[in-house]
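Please look over the sequence and the structure shown below. The text after them walks through a few local features.

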Amino acid sequence: ALNLAVREWEWLERNPFEKVKIDKAHNKVERWITFEEEERLLDASPVWLQEIITFALNTGMRRNEILSLQWSEVDLFRRTATLLLTKNKEKRTVLLNQTVLELLKVKSKVKSISGFVFSGKANTKIIGRNLLRAFYSARETAKLADVRFHDLRHTFATRLVQAGVDLYKVQKLMRHKSPLMTQRYAHHYSESLRDGVDT
């Protein structure tokens with residue numbers, strides 16, 4: 001605001017704080033779930049939440065993207081989902097792996113393929129806070145108090161990197177505009193670095 005007052009509005013001759021250095025915020029999130037933690041979380045969840053957790057872990061989609069996804073945006077033949085409502089306000093395509101494809105095929109046999117893919121009663125959209133309430137209950141039962149729903153997205157990216165997928169592909173799968181954002185998710189556990197030290 002003071003810089004604006006100097007440059008644009010000419011209310012001040014100089015910013016009195018121009019030489020003050022501000023420490024960068026440490027916003028590197030380093031939480032992802034292991035396969036054992038995933039199993040505990042799924043065991044503690046009702047079936048509808050298990051489906052959403054599995055979907056999130058295998059697509060890297062954000063909570064609102066998952067809850068807003070409609071059957072008309074899913075193409076089982078091409079194995080894609082088209083996101084019309086994204087954080088960046090851009091239309092994006094998500095590739096679906098075999099796990100997600102099987103989950104959606106089972107769902108399509110049980111429910112009619114119309115409306116929301118993951119829906120509440122009367123085929124209505126699941127409210128975000130209701131999803132979180134169920135998720136928090138499941139994580140408490142699973143003794144994973146520090147896990148957030150968004151950590152499922154982190155887990156998707158982390159598992160890709162740990163499996164040797166290059167960061168460019170991870171960036172595209174995460175739908176990040178900048179590779180710097182992807183690097184925040186590209187955490188390693190020590191065993192995944194062993195091939196480097198062995199070389």
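**Strands and a helix**

The hairpin of S1 and S2 has 4 residues between its strands, and arginine 79 takes a positive phi near 60° there. Helices (H or I, at least four residues) and strands (E, at least two) are DSSP runs, numbered from the N terminus. This is a predicted model, in which local features need pLDDT of at least 70, side-chain atom pairs count only at pLDDT 80 or more, and totals for chains, interfaces and linings use all residues. Residues are numbered from 1 along each chain as its sequence is written, and side-chain values use heavy atoms, with hydrogens and water left out.

Strand S1 (residues 74-75) runs antiparallel to S2, and 2 bridges join them; two strands pair if DSSP finds at least two bridges between them. Valine 74 has alanine 81 of S2 opposite. S2 is also joined to strand S3 (residues 92-95), by 4 bridges and again antiparallel, with threonine 82 opposite threonine 93 in S3. From S2 (residues 80-83), Thr80 and Thr82 point one way, Ala81 and Leu83 point the other way, and all are buried. Buried means under 20% relative accessible area, exposed over 50%, and partly exposed in between (1.4 Å probe, protein chains only).

Helix H8 (residues 167-174) has Val170, Gln171 and Met174 as its buried residues. They lie on the same side of H8 because they cover an arc of only 105° around the axis, the arc being that of the directions from the helix axis to the C-beta atoms. At the start of H8, the backbone nitrogen of tyrosine 168 has a side-chain oxygen of aspartate 166 within 3.0 Å.

How values were computed. A polar contact is a pair of N or O atoms within 3.5 Å; within protein, one must be able to donate a hydrogen and the other to accept it, and residues adjacent in sequence count only if both atoms are side-chain atoms.
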